[in-house]
Each structure stands twice: as structure tokens, then as C-alpha cells.
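Hello,

Here is the structure we talked about handing over. Please look it over first; my notes follow below.

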Amino acid sequence: MKKILYLLCAVGISLSVLSVKAQTPASTEVTSYVNPFIGTGAVDASSLSGSNFPGATLPFGFVQLSPDTEDNPDNPASGYDYNDKTIVGFSHTHLSGTGVADLFDVLFMPTTGEIHATPGKADNPDGGYRSRFSHDQESAHVGYYQVKLLDYNINAELTATEHAGYHRYTFPKTDKAHLIIDLNHTLNKKRPYWSCKVIDAEIRQIDAYTVQGYRILTGWANLRKVYFYAKFSQPIQSNELFNGGSMYANEKIVNGTNIRAVLNFDTRNGEPLRIKVGLSSVSTTGAKENLLAEIGDKKFDQIEAEARQKWEKQLSQVSIEGTKAQKEIFYTGLYHAYTQPNNLADVNGDYMATDYTIKKADDKTHYSTFSLWDTYRAAHPLYTILQPDRTAGFIRSMLRQYETFGYLPIWQLWGEENYCMIGNHAIPVIVDAIFKGIKGFDVEKAYEAVKNSSITNHPGAPFYLWDKYHYMPENKQSQSVSITLEMAYDDWCVAMLAKKLGKEKDYQYFLKRSGYYKNLFNKKSGFFQAKDDKGDWLPDFNPLAYGGNGGNPFTEGNAWQYLWYVPQDISGLIALEGGKKGFIEKLDSFFTIKDLPKEVNGNASGFIGQYAHGNEPSHHVTYLYDYVGQPWKTQYYVSKVLRELYNNSFSGYSGNEDCGQMSSWYIFSAMGFYPVNPASGQYEIGSPILKSATIHLENGKVFKMTAKNISDENIYIQSVKLNGKIYNKPFIRHSDIENGATLEFVMGNKPNKKWGQDIKGLTNY
């Protein structure tokens with residue numbers, strides 16, 4: 001996804017200074033290592049980031065109840081910046097680690113004293129309802145967030161269920177306690193792309209204890225409908241309803257495009273104000289049913305405890321041995337990986353389909369927030385190991401878009417396609433799941449969807465150009481080089497599935513298309529370059545020049561970073577570079593050339609030479625030395641990324657978290673392996689950072705890795721055993737994990753250049 005313009009922080013910053021103190025569960029629980037503040041800010045404009053939120057949510061839940069520090073969030077996209085000094089309120093939906101902002105639905109803000117119906121400015125909290133806060137009086141752990149609103153002396157606490165938020169506000173004793181409900185709080189409405197506009201909204205007071213409403217708006221998701229139903233523990237004494245600049249006192253309903261409500265309470269009895277808020281994408285009735293089903297009469301502390309237990313159950317599937325910092329990075333990463341996709345379906349199974357009709361899911365789940373350009377690389381392969389049943393649910397949800405659109409999701413948010421990014425990377429997710437034997441969806445229907453998604457023209461995927469030119473001409477299709485390379489990979493996935501299902505004609509057709517990447521390789525320069533529709537190379541080629549998301553042959557990268565994107569045919573790429581010697585020399589240069597043009601894309605961060613760990617096109621490249629008999633170089637660079645580009649501070653990521661992809665890279669690599677080709681069922685071996693990791697699989701079997709002599713100096717593999725036998729291959733297969741196995745590393749401070757030379761069976765070599 002579009003990354004925040006944060007670059008790698010200077011090596012040597014004291015993590016003890018940056019480390020964020022969070023309230024945590026009991027130390028015996030793995031959830032005690034989750035720090036929701038990791039990745040919520042940056043040290044400075046040239047530092048690590050993440051774009052994560054610190055608020056309360058459940059695994060793959062619909063609600064993310066979290067503070068917003070900006071009235072119209074844009075950057076960071078999570079709405080919360082650790083460096084900000086004021087909070088504008090607590091909204092119920094957020095994106096985790098994306099580069100584009102959206103959601104921020106149904107903002108609540110408790111206040112006292114004079115009524116302010118507008119948020120005010122970040123540098124002038126006295127002019128609105130926002131409040132100053134301090135990290136010294138802020139805490140968070142799984143399923144819980146707390147902050148003291150200093151301007152009002154209010155202690156705000158939040159917890160959540162899958163479809164509901166639970167607020168507990170401890171006011172000072174006063175008869176001038178207020179709650180602001182702001183339905184005009186959105187992403188930046190002045191943003192020129194995916195523009196935001198509230199089309200209609202309503203707040204309705206049902207009785208002294210109940211308020212409901214909705215809003216319909218545009219944004220990154222083209223047309224979203226959000227409904228809420230709120231129950232209060234204390235009676236509403238009076239209200240002021242606002243429609244733009246007009247105020248209506250003690251009315252029961254207000255609707256319009258810029259509406260807010262001020263609900264007034266008497267808190268002189270000292271009792272906290274508790275608010276239960278159900279959400280739905282379908283109706284206020286659905287929001288009410290979600291609230292009653294998941295919270296009902298339960299107390300705040302009970303809901304918080306249940307949230308913690310649910311996270312503990314999910315995260316304790318993996319037990320690791322390492323340093324405290326490693327555990328915090330690992331388990332917070334797993335927490336972030338489980339924050340999305342999100343289940344949009346109500347508790348009764350109702351959901352809004354991509355054609356805006358209401359349908360019912362028999363399994364009561366309909367997932368969205370598919371950041372597939374990012375997550376197909378490592379997050380979805382990780383789900384196949386840790387969440388196979390949920391993976392089937394993801395695929396069923398993707399297939400529902402195919403039923404209405406005729407093709408699978410590209411980047412789906414709130415159940416809607418937004419066409420962000422390139423490629424059709426639901427394809428490798430589905431193909432990978434089928435090859436790994438994951439059940440729970442119709443394989444033939446899945447193949448139909450995969451095939452038709454590869455021949456049906458749609459935005460960013462003009463297959464008529466693909467079939468006519470056998471590459472994407474830049475004067476016909478922007479981002480042509482990146483699209484050519486990524487489309488060729490998706491075609492390989494289709495071909496492999498066609499072969500498995502005995503569809504020989506399709507296999508031959510898509511296999512041929514998967515080789516079209518070669519048509520943009522310039523032997524003179526040694527790079528993939530753009531051509532026009534006449535077959536001529538575009539002039540003024542500079543392999544260092546960055547592209548963004550249009551107007552350039554490369555997507556969020558440059559020619560150096562996209563040179564390595566042929567995961568389906570590494571042997572073919574090696575041949576293009578003149579064989580192993582030329583490939584190794586080019587790869588060495590990639591990690592050592594530090595020159596950058598004056599302007600780099602905002603996604604460029606976490607540099608090691610031209611390698612940019614802060615964005616996804618580079619993520620597999622450290623592992624490519626395994627293919628050319630120099631695995632010790634893979635070990636060196638993987639270890640460097642693990643140790644230098646992740647930390648346990650609020651600035652703990654080298655780029656946006658991207659819905660779990662950045663964390664999934666760490667989780668895999670910390671255990672010693674990573675999927676270069678995410679649909680191959682193969683994991684290339686790197687350099688483990690953990691002493692051990694044990695995965696309790698859903699099939700009842702156990703996979704365990706251990707690393708003897710592990711330390712910051714001992715980064716090189718000396719020997720490996722798989723199930724007690726000497727193992728000299730630089731990869732393992734998914735079947736090794738799924739069948740239960742023990743993978744043992746012995747580490748040292750110097751390379752053992754004899755290990756890892758048996759590459760027989762290494763995919764695509």
C-alpha cells in the first residue's frame with residue numbers, strides 16, 4: 001500500500017528510550033507481550049513508522065474502537081499519531097497499517113463544562129471539543145485502551161467485541177457532563193483522490209437511554225453505509241443537535257450531511273458513564289442485534305476479560321523462546337496480522353454484497369479489507385499455517401465478489417472494490433490454498449473465478465493489451481513494467497491450478513503468458529524496462545528513478561527493486577542475467593548501491609542499498625541467494641533486516657504495516673524461513689532470530705524449530721536437521737510443517753559455505 005513518507009531511522013537510537021510502556025495482561029500469558037503502541041508513530045520525518053492504531057479490537061473483528069488524534073485523518077492512515085498531543089475522540093472503525101485513510105466511523109468524545117460542537121484544531125484544543133493527553137496517562141493491551149483526557153479530567157476506557165464497542169468514561173462530579181457524537185468525522189475531505197463526502201446521516205434519540213443512527217458516505221470505499229445503536233448506563237438529561245451551523249435543543253432527530261449531537265448528563269453521583277455501541281453495515285436493526293448478542297447485560301470488565309481470552313487463544317497457538325523485545329515484536333506482529341481481514345457480516349449472517357444488495361452468509365462470516373498486493377506475499381501464506389479454516393472463509397468471501405463483478409478482489413474495503421494497486425493477487429491466495437489442501441470452498445468454482453479474473457478486462461488489468469502485445473505498453477497502460485511482471489506471476493498461478501485440475505489447454509495458454517515478463521527485459525541494461533506499443537524502449541531510462549501509482553512504468557518502486565520480481569521463474573531470471581555469476585554480481589550490487597535520486601516515492605524506506613524493506617516489492621529478495629549457492633548471504637541480509645528494521649517502540653516498523661504483511665515477514669523470518677513464491681508451498685531458509693518456536697496446528701500436529709548458539713553475532717547456519725536427519729537443502733516445504741516436524745538449526749559467527757548447496761527440488765530452479 002501507499003506508505004507514509006518515513007525512512008529508516010538512524011541506527012543506534014536507544015530502544016530503551018523509545019520503548020512504550022503499555023498496561024498488559026498477566027505475565028504468564030502470551031498476550032502480555034503484545035504492545036498495541038508499536039507502529040503508531042515515527043521518531044521524526046526520516047524514521048520508522050507503521051500506521052497502526054492502539055485501540056481495542058478482536059481477531060478479525062468488525063469493530064476497531066480507537067482514539068483519533070486528527071479531525072480529518074490522512075497521514076498516518078490509522079488516525080492516531082503517537083507524536084500528537086491531543087485527541088479528538090474515539091471512533092469505532094479503523095484500518096491497520098495502510099497507506100490510505102478511511103473509516104473513522106461514529107466518533108464519540110466525552111467533555112465537561114462549556115459545550116463545543118466542533119472539534120477544534122490540534123494546536124488549539126481550547127477552540128473545540130478535543131483534549132490534550134499524555135502518554136504517561138495512557139495504556140493499552142489486547143482488547144483494551146485507556147487515556148486520561150486532561151482538559152476534562154475524564155478517564156476514558158475502551159473495549160470491544162466483534163461487532164460492538166464498549167466505552168467507560170469516569171467523569172468528575174458535575175452536572176455539565178457531555179458526550180459528543182460526530183457523524184461528520186471522516187478522512188480528509190480535501191484529499192484529491194478517492195474523495196470523501198458525507199451523502200446522508202442521521203442521529204435519533206429513541207429514549208433517555210438509547211440513541212441510534214447511520215451515515216452514508218464516499219471515500220476509499222466508493223459508497224459505505226454505517227449504522228449504530230447505542231445504549232447508555234445513565235439517562236440523557238437533555239441534548240443539542242447540530243446540522244452544520246444550526247442547533248436544535250431537545251429534539252429527537254437530526255439528519256443532514258454535517259451532523260453532530262451533544263448529549264448532556266449529570267455525573268454528580270460519581271458513577272462512570274458506560275456506553276454500549278453496536279455497529280452494522282446493513283441496518284440499525286442489525287446494529288441492535290449485534291449489540292444484544294455480543295454484550296447484552298455484560299459489564300465492561302467482563303467484556304474486556306473475554307476479549308483478552310479470545311486473543312490469548314489465537315496468539316498462544318505459537319509459543320516462542322527469545323528475548324523480551326523479540327517476543328514483543330513477534331506477538332504484536334501476530335496481533336497485527338490478525339487485525340484484518342474483518343468480518344462484515346452481522347451476527348445473523350446478513351451482509352451487504354458488492355452489488356449493494358443484502359445477502360446472508362450461512363457461515364455468519366463475510367470478510368473484507370483485502371490488501372492483497374501486500375498480504376498475498378506472506379500474510380496469507382501465514383494464515384494457511386495458522387488459520388486454515390479462516391482462510392477458507394476468506395476465499396468464500398472473495399468468491400462472492402466474483403459472483404457480482406465477474407472477477408476476484410484486487411483491494412477490497414468494506415465489501416467494495418476500490419481498485420487500489422495492481423495485479424490480481426486473490427489468484428495466488430486461492431491457488432496456494434488449493435495446493436495446500438485447505439477445504440471449505442468449491443474448487444471448481446474457485447478455478448472458474450481464477451481463470452475469468454485473468455481474462456476479463458477491468459481497471460488496471462487490460463488483458464486485450466496483454467494478449468495483443470505480450471507485454472504492457474507504457475503509452476497504453478501506466479505502471480506497465482510492474483503490471484507486466486505481476487500479471488505474469490498471476491498467470492503462472494492460473495497455469496499451475498489448471499494443470500492440477502487437468503485443464504491442459506488452459507495450462508498451456510496461461511503458462512505461455514507467464515513468460516511474457518521476458519519481453520520487457522533489456523539485455524543491454526540488464527533491467528526490465530518499459531516499451532511503447534511499437535516495441536521501442538522508452539528513452540532516458542534510469543534504474544534508480546521511482547514510480548508511484550501512475551504516470552511511471554514502476555509501481556511504488558524502481559527498476560532495481562522490480563528486477564527481482566519473477567518468483568515463478570527464478571531460473572529464467574538467472575539466465576537473463578547471464579547465469580549464476582552475473583546474477584550474484586547484480587544481487588550484490590542491489591544491496592550495496594546507495595545512490596538515490598533527488599525524489600523517491602513515499603513508500604521508499606528501510607534501505608539496505610536499493611533494497612527497501614518498507615515496501616513489499618523488496619520483501620523476497622534477501623532470500624534469492626539461496627537459489628545460486630550462496631545462502632550465507634541470505635542469512636546475513638535476513639539477519640540484518642530482522643535486527644535493524646524492526647523494534648519494539650512506537651516507531652517499530654520500517655514502513656506501513658500493510659494489514660499484517662510487514663509483521664508476517666518478521667514472523668516467518670524470525671523462525672528461519674520465508675515464502676519467496678507464495679503459491680509454491682515452499683519456504684526458503686534464512687537466518688532464525690528465535691531460540692525456538694512451536695506451532696500447534698489445527699490438525700493436532702506440532703511443528704517446532706530450534707536454533708542452538710543463537711546470538712546477535714551467530715547469524716550464520718552451521719548445520720540443519722529436519723526430523724533428526726542431516727538436512728542440506730535451503731528450503732522446506734509446507735507439507736513438512738503440516739505433517740508435524742522438528743527443524744533444528746545450529747548457528748555460528750562465520751558462514752558455513754558447504755551448507756545449503758543441495759538445491760534439487762528448489763522451485764523454479
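**Notes on the structure**

Asn 709 counts as partly exposed, at 48% relative accessibility (buried means under 20% relative accessible area, exposed over 50%, partly exposed in between, with a 1.4 Å probe and protein chains only). Asn 709 sits in the loop between β34 and β35 (716-722). Its phi is near 65°, a positive value in a residue other than glycine.

Some ground rules. This is a predicted model, in which local features need pLDDT of at least 70, side-chain atom pairs count only at pLDDT 80 or more, and totals for chains, interfaces and linings use all residues. Residues are numbered from 1 along each chain as its sequence is written, and side-chain values use heavy atoms, with hydrogens and water left out. Helices (H or I, at least four residues) and strands (E, at least two) are DSSP runs, numbered from the N terminus.

Confidence next. The mean pLDDT (the predictor's confidence in each residue, from 0 to 100) is 94, and 96% of residues reach 70 or more. Over residues 1-23 the pLDDT is below 50, yet this stretch has 92 contacts in the model beyond near neighbours in sequence (contact means heavy atoms within 4.5 Å). Where pLDDT is low, the predicted coordinates should not be read in detail.

Ser 51 also has a positive phi, near 60°. It lies in the loop between α1 (15-18) and β1 (56-57). At 1% relative accessibility, Ser 51 counts as buried.

Two cis peptide bonds are worth a look. One runs from Asn 75 to Pro 76, with omega near 5°. Pro 76 is in the loop between β2 (64-68) and β3 (86-87). Another runs from Gln 340 to Pro 341, with omega near 0°. Most residues other than glycine have a negative phi, and most peptide bonds are trans.

Now the sheet. It is open, with 6 strands in the order β20-β33-β34-β38-β35-β36 and mixed pairing. The edge strands, β20 (318-321) and β36 (725-726), each pair on one side only (two strands pair if DSSP finds at least two bridges between them). Strands β33 (692-696) and β34 (702-708) run antiparallel, joined by 5 bridges. Ala 693 stands opposite Met 705 in β34.

Ile 320 lies in β20. It is buried, with a relative accessible area of 10%. Its contacts include Phe 330, Leu 690 and Ala 693.

Last, helix α7 (388-405). Its buried residues include Phe 394, Ile 395 and Leu 399. Just after α7, Gly 406 takes a positive phi of about 95°.

Best wishes

Note on methods:
Lists of a residue's contacts leave out its neighbours within four places in sequence.
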